[in-house]
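Please open the structure in your viewer and keep the selection panel at hand.

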Amino acid sequence: MTALRFAIGAALVAAWLALAWLLSGSAVPDGLELPHVDVSTVFGRALVARTERYERLLLVIWVLQALAMLGALAVWARFGGRYASESAAGPIGTGMLLGMLGLAIVWLVQLPFSLVALWWHRRHDVSHAGYLDTVFGGWAQLGVTFVALSVALLVVMGLARWLGSWWWIPGAAVLTGIVALVLLVSPYAYPGLERPNDPGLVARYDRLAREEGVSGIPLRVEKVSDTTSQANAFAFGLGPSRRVVLWDTLLDGRFGEREVDVVLAHELAHHSSYHLPKAIGWFALFALPGALLLTLATRSRGGMGEPLAIPLALLVAAAWMLVTSPAQNLVSRRDEAEADWKALSTTRDPEAARRLFRAFAATSLGDPSPPTWAYLFLETHPTLAQRVAMADAWAARNGVR
Amino acid sequence: MRRMSAPSPPHPVRLVVRDDLRRRRLTVFFRLLLALPQLVWATLFGTAAFMLAFVVWLAVLFERRAPASLHGFLAGYVRYTVHLTAYLCLAADPYPGFTGGKPYPVDVEIDPPAPQGRLGAAFRLLLALPAFALASSLAGSMAAGSSFGGSVGSAAGGLAITVGVLGWFAALARARMPRGMRDAAAFAIGYGAQTTAYALMLTDRYPDATPGKADPPPELPEHPVSIAIDRDRKRPRLLVLFRFPLVVPHLLWLTLWFVPVVLATVVAWVVALARGRVPGLLHRFVASFVRAVTHVSAFLLVVGRPFPGFLGREGSYPIDLTIAPAARQPRLGVLFRGFLLLPALLLSSAYGGVAFVAAVLGWCAALVTGRMPPSLRDLAGVSLRYQAQVTAYALLLTARYPDSSPALERPRPLELEAAPA
């Protein structure tokens, strides 16, 4: 029996590693050495000092929020079971209630820190969101989070009650399927996306899309300028639902056409490099050991099929996500670096890329070179200094200035 | 050891109903026009009353008691608004007098002046705000309903106003007012009177929203769809605070479930037209849905304490619906069900407005005290019962028309036995 388990475990580890290797491919040349970038020279000493000041408090808030979350979930794991008597919903429904209340408590204990962060953003003119909007909007938005959690718990608890301690293998697969489904349909349900009304922008986008071999992906603009001055863009969707979305703050005149082209090419590169399907693969790779960990951790409470195990499972899941966030961020940064590289190859305009990243530091107050621990735990993108360095490296390789 | 709590004394403003439900078609047809002189007089009377109420307010602040003469004048005004509102809403038939001094089929008894607390008197209008909100959703007072929160009342149509509009057609057709609708209007009027009396310093007793408090109490005839309300008042604050986000998964689930329910109802409609009966399987499927909606609504409206299940199983929730098995239905009623449903839908919307206000007030109270005020719980419970009956009627679970009575439950056999002769 032990040998069988060992064999299954070894096979799973081997499969995991093989899949991770397959997903790790990148268009960034192997062994690319990024040149050193002097952030004070590139971004300016005053801006760097300002971004460091701005980020410092946000990092403190992040640490405090993480501690508050773990503390609240630890207390919930200890005492949350008492609320099982407040449910008339059967074991799975009771598990949903305990899970939702756990997240509600986390939201509640993190709320003061969120408000301090909002005050800080407003003070630096990065956010225009109101305090009441943040509180009541966050409260109402919990409903969406609760739906996602309820679906996940329905799958996990249903399988655990049916299959016992082996639920985690099909469970991870089903959850991955649900994530893929959400990714597929979310572009259709995403509110407030509009067609761009600048024909020149659309023409440039179409040209870039053709060059990257991903024609036919719609471009949309999201209006966020009433709540933030930060500039951003993103790519999402799968297959027919693929979209590229620009925040309207990118189009308010602070960024030139060439800089916007770099952003467009970067987002298109996410689609041309299949980063979103790959992200589903990575989700599966992280979900599998995570689900196994939940199985092992909740054995003392009867396993994931029992509602009383859910508060503990929340704590374990939160800790798992925190511990694995450096690895997940590493994956994300690889994809972002690849998108940057492909954007440079498409636009052949490293100077525009440099200007874009310098402008990001000024408009979003992102620290060009954050502390190492923050880089590991928080940065889903290469730092702005690394992105400028990549533009330099691409220019050096291709003989462009 | 459990303490026995003494029964609270009767409210100083009590609703008395002596109406025989008969209506003269001629006066019903011209009701609004006939009331025009009364409305002009009510405005003048009201202006004088509100000015004198300020004097009474000062008197209560200093003497802790309203002067008897002024109290009598204001009591007359409150009774007059009750008579006039009842006349307008068709809760009563005779043309009302102009002084409020004579008995009327829908009337209130008001106790003589009694000592009042100074602190409560000082902040009377502020304290009355929740009662005004509820009164305006009930729309049962010419005084209270028009003075505050008109938007709340008008959004739902106001219970008494809706009864008046629907009752106008019913009384014209049958020369009688349906008992349930008359009782609903009378309840709204009674609550409006208590709110006005509280605001005008006639009493320091807060208005009592408990449905069905009248002399005599309203009837609730037997109905194939009935509700049972658990009396537990405790509400854990954590579940109260996050009540709305907690039911979002239920709302999504019920929305998805509603699609096959509609399909099942269409099939049931065709079968019922052909056979005069809804198939048992479809009846049970749709009944589970109606029960699930009631469970979730009860939780959302803070009427129910625990988190509800998803499947609408009978007996699975403390606020539960009993739905009688499928029975024969007249084919004509089935054929025109959509048309027949319209009045009930209007009344259901008005009851929904009342339930919404009761739930918001109850939510605030439960968040502070950890308990749901029983009067608000029962009021929202009446709305749940009526809305469940409307849904059941719409989805062909029963041929019996919804009963708009403000009574919550039929008296239990034990209570009937214990009642004095």
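Which residues touch the most other members of the largest nonpolar core? In this predicted model, they are Val78(B), Val290(B) and Ala358(B), in a core of 176 residues. A nonpolar core is a set of buried Ala, Val, Leu, Ile, Met, Phe, Trp, Tyr and Cys residues joined through C-beta atoms within 7 Å. A residue is buried if 20 or more other C-beta atoms lie within 10 Å of its own, exposed if 12 or fewer, and partly exposed in between, with C-beta atoms placed from the backbone.

Select Ala358(B) and display its surroundings. Leaving aside residues up to four places away in sequence, Ala358(B) touches Leu134(B), Ala209(B), Leu376(B), Leu379(B) and Ala380(B). Contact here requires that the C-beta atoms of two residues, placed from the backbone, lie within 7 Å. Another core, of 43 residues, lies apart from the largest one; among its members are Val37(A), Trp341(A), Phe357(A) and Met390(A). In soluble globular proteins, nonpolar side chains tend to be buried together.

A word on conventions: residues are numbered from 1 along each chain as its sequence is written, and chains are lettered from A and ligands numbered from 1 in the order in which they are written. As this is a predicted model, local features need pLDDT of at least 70 and side-chain atom pairs count only at pLDDT 80 or more, while totals for chains, interfaces and linings use all residues.

Next, show the whole of chain B. Its secondary structure comes to 18 helices and 4 strands; helices (H or I, at least four residues) and strands (E, at least two) are DSSP runs, numbered from the N terminus. Buried residues account for 52% of the 421 residues in chain B.

The mean is 90, and 91% of the residues reach 70 or more. Over residues 144-156 of chain B, pLDDT stays under 50. Where pLDDT is low, the predicted coordinates should not be read in detail.

Turn to the place where the chains meet: 18 residues from chain B and 18 residues from chain A form the contact. On the side of chain B, α13(B) supplies the largest share, 6 residues. By class, this side of chain B has 15 nonpolar, 2 polar and 1 charged residues. Ala, Val, Leu, Ile, Met, Phe, Trp, Tyr, Cys and Pro count as nonpolar, Asp, Glu, Lys and Arg as charged, and the others, Gly among them, as polar.

In chain A, select α1 (residues 2-23). Of its 22 residues, the number buried is 1, so α1(A) lies largely in the open. Then select α9(A), where the buried residues include Trp282(A), Leu285(A) and Leu288(A). Among the elements covering the buried residues of α9(A) are α1 and α10 (310-347) of chain A.

Finish with backbone details. Most residues other than glycine have a negative phi, and most peptide bonds are trans. Which bond joins Asp215(B) and Pro216(B)? It is a cis peptide bond, with omega about -5°. Pro216(B) lies in the loop between α11 (179-199) and β3 (225-228) of chain B. Leu365(A), not a glycine, has a positive phi near 55°, and with 21 C-beta neighbours inside 10 Å Leu365(A) counts as buried. Arg64(B) also has a positive phi, of about 65°, but with 15 C-beta neighbours inside 10 Å Arg64(B) counts as partly exposed.

Methods. pLDDT is the predictor's confidence in each residue, from 0 to 100. The expected span of a helix is 1.5 Å times one less than its number of residues.
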